[in-house]
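Hello,

Here is the structure we talked about, with the sequence. Please look it over before reading my notes below.

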Amino acid sequence: MRNQEIADILNQIADILEIQGEIQWKYLAYRRAARTIENLSENIADVLGKQKLPGIGKAIEEKIKELITTGKLEYYERIKKEVPPIVIEMTRIPDIGPKTAKLIYDTLKIKTLDDLEHAARSHRLQRIKGLGPKTEKAILKGLKELKKPQRHLLGVILPIANRIYKDLKSLKEVKQISLAGSIRRWKETIRDIDILVTSEKPEKVMQVFTSLELVKEVVLKGPTKSTIIVTRDIQVDLRVVEDESYGAALQYFTGSKEHNVALRTLCSQMGFKLNEYGLFLKDTEKKIAGETEEEIYKTLGMAWIPPELREDRGEILAAQNDALPTLVELKDIRGDLHLHSNYTDGKNTIEELVAAAEKRGYEYIAITDHTGTLSIAKAIDEPKLLEQITHIQKLNEQNQNIRIFTGAEVNIDQNGDLELSKDLLEQLDIVIGAIHSNLKMNRKEMTERIVHALSNEHLTILAHPTGRLLNKRAPSDIDLIEVFDAAKKYKKILEINAYPNRLDLSDVNCRTANQQGVLLVIGTDAHSVKQMRFMEYGVAVARRGWLEKKDILNTLQLDDLMKKLKI
Ligand SMILES: [Zn+2]
Ligand SMILES: [Zn+2]
C-alpha cells in the first residue's frame, strides 16, 4: 500500500469519528498521523516502528501495520458501517465538513447526492438551523466539482506511469514503447495513463500488463487494447500498434485534441489525410508517412514539435517557420533557490540538502525557511535565523563544491510588507517573498499588495505568485499583467514553484510573464531531500510556457547568478 492510500484511510476514519461526535483529540490524532504520512519521503512500510514519526502513537501504528500487511483494516471496515454511506459521501464535497454532513442527514434524511442537490435547489437546506444561503450555494458548487471526472496531479500519476513503463520496457517482447496522452505533454493534472507499444507478441505483453502487481481491476483485455485500474482508481490504457504506424499512433494519442484538430485541418488543405495509422494522400489513399513522428511533421513541412507545446497555442505556425523555442531542459538547471531545512518544518539538515544538491550536479542552493507570523509551518525566529546564517557561512568555508546562499521565505503581510526586520533582510543573500494568508482579498487590493511587495528593495523572488493549490484552491484574484509590469520595473524575479500541487506560475502565466520581459526562477519548495526531484515538474511548466534556458535565473553559472543578484 502506498503512503497516500494509507493517509486517505486515516483521514476517512477521522471524518467518521467526527461524524459520530467523538471527542476532538481522538479524530485530530488520525488527521495528524495522515499528514505525517503524506509528508513522508520514505515508504511508510520501511520506517514504521524504526524511527519516531510525529503524531503516530502506538494505537495508530498498530492500525497502519495491519493495513500494510493485510491491505485492510478491520477497525475501519467496522466503523464505516456505523455511518450512513451518504454522510461519508457528502464529506467529499469541498467545504462540507463531517458535522454539516451529519446535520443535513439528520434533518432531511436524504439518501443520495441527487437528493442533496434537489434539497439545495428547492432551498430546503438554508432552512436548517445553522446553515444559510451561503452553505447552500457552496454545496451546489461543490456538487458540480464532484461530478467532473477526477484529475490527478502530475506529481502523483507520473511515478506510477513510470513504474508501469519500466516493467513493460524490460520485456523482450516489447520493441518500442512510449507514454502518450497528456502525461507525455506533462500537463499539470492528468485524467488517465496512455501507453503505446509495438510488439510481435502482443498476447504476452497484454498478459503481463493485466497481471501487474498494482492492478486493482482489469476492465478490458484484448489483443491490441487493454485497460486496467490501478491504485487511486487511475485508469491505464495500453495499445499495441504496428511498427509502420507507431509514429502516427504516438502523434494521435499524444494530443492535445486541439493540436490534432489544427494539424488535421492543415493536412486537409495540403491534400493529405492524417489519422492514427499514418499520413495518406487524400485522393489515392497512398500512405506516405507513419513510422515516426518526425517523418510526419517533416512531410507536412515543419519541424518536430515537442509534446509540451502541442496545445494549439501557435506551435504549428512556429514549426512551419522554423521558429520553435529551444526549450529549457532539466540538465540546464544549476541550482535550487527554494529549500526548507529542519530549522523549521523541513525534514533534512542543511548538510543533507547540500549532499543531495551535489549529487544532482548543482552549483548552488539557497536555504529559505519560513519567517513571519505563519501558523501553518513553524516559522524561524530571528535569533535562530542568525544562528542559521553563521552555520551556512561555516559550511561554505568547509565545502567549495557547492555555494549555499543564506535566505528566507518571508511572509508578505496584508499590506504587502515583509515580515522580517530590516537588519536581517539586509544580511540575507536571497529573500523570497510569499503570501500564505488572506488569499481572498479583492482583485484591486490583492494586486496592490503584491505590487507593494515587489517594490520592496530587499525582495529577490516572489514565490508561488497566485497562491493556487491544484484540485483544492483557485488562484487569488490578481491582475497579473500589472504584477508582471511591476516585476519588470523593479527587476524582481517570479517563481515557477515546482511543488506538484502548486505549479505556480502556470504554463500560460509564465509564458505571458516572459513575453512581458520578466525573468523567472524554478524552485522546488522541497521540504525534504527526496522532494528536490520536483525540479522536473517545474521545468515541465517552463517548457509548456515556451521558455528557454536564458529565461530561467537558475540556469546561470554561479558567478553570473551572483552578479545578477548583486550578492
Ligand atoms: Zn510558501
Ligand atoms: Zn516554501
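A donor here is an N, O or S atom within 2.8 Å of the metal (3.2 Å for Na, K and Ca); water is not among the atoms, so sites may look incomplete. This is a predicted model, in which local features need pLDDT of at least 70 and side-chain atom pairs count only at pLDDT 80 or more, while totals for chains, interfaces and linings use all residues. Residues are numbered from 1 along each chain as its sequence is written, chains are lettered from A and ligands numbered from 1 in the order in which they are written, and side-chain values use heavy atoms, with hydrogens and water left out.

First, the metals. In sequence, the donor residues of the zinc ion (ligand 1) follow the spacing E-x26-H-x27-H. These protein donors are Glu409 (OE), His436 (NE2) and His464 (NE2), at 1.9 to 2.2 Å from the ion. His436 sits in the loop between strand E14 (430-434) and helix H20 (443-454), and His464 in the loop between strand E15 (461-462) and helix H21 (480-489); the pair, 28 residues apart, links distant parts of the chain. Helices (H or I, at least four residues) and strands (E, at least two) are DSSP runs, numbered from the N terminus. Both His436 and His464 are buried, where buried means under 20% relative accessible area, exposed over 50% and partly exposed in between (1.4 Å probe, protein chains only).

The zinc ion (ligand 2) is held by His338 (NE2), His340 (NE2), Glu409 (OE) and Asp525 (OD), at 2.0 to 2.1 Å. Its four donor atoms subtend angles of 86 to 175 degrees, so the arrangement is irregular. For four donors, tetrahedral requires all angles between 85 and 135 degrees; four count as square planar and six as octahedral if opposite donors are over 155 degrees apart and all others between 65 and 115; anything else is irregular.

Glu409 coordinates both zinc ions, ligand 1 and ligand 2, which are 3.6 Å apart. His340 lies in the loop between strand E11 (335-339) and helix H17 (350-359), and Glu409 in strand E13 (residues 403-411), so this pair ties together parts 69 residues apart in sequence. His340 is buried at a relative accessible area of 0%, and Glu409 is buried at 1%.

Second, helix H21. Its buried residues include Leu480, Val483, Phe484, Ala486 and Ala487. They cover an arc of only 160 degrees around the axis, which puts them on the same side of H21; the arc is that of the directions from the helix axis to the C-beta atoms. Just after H21, Lys491 has a positive phi of about 55 degrees.

Regards
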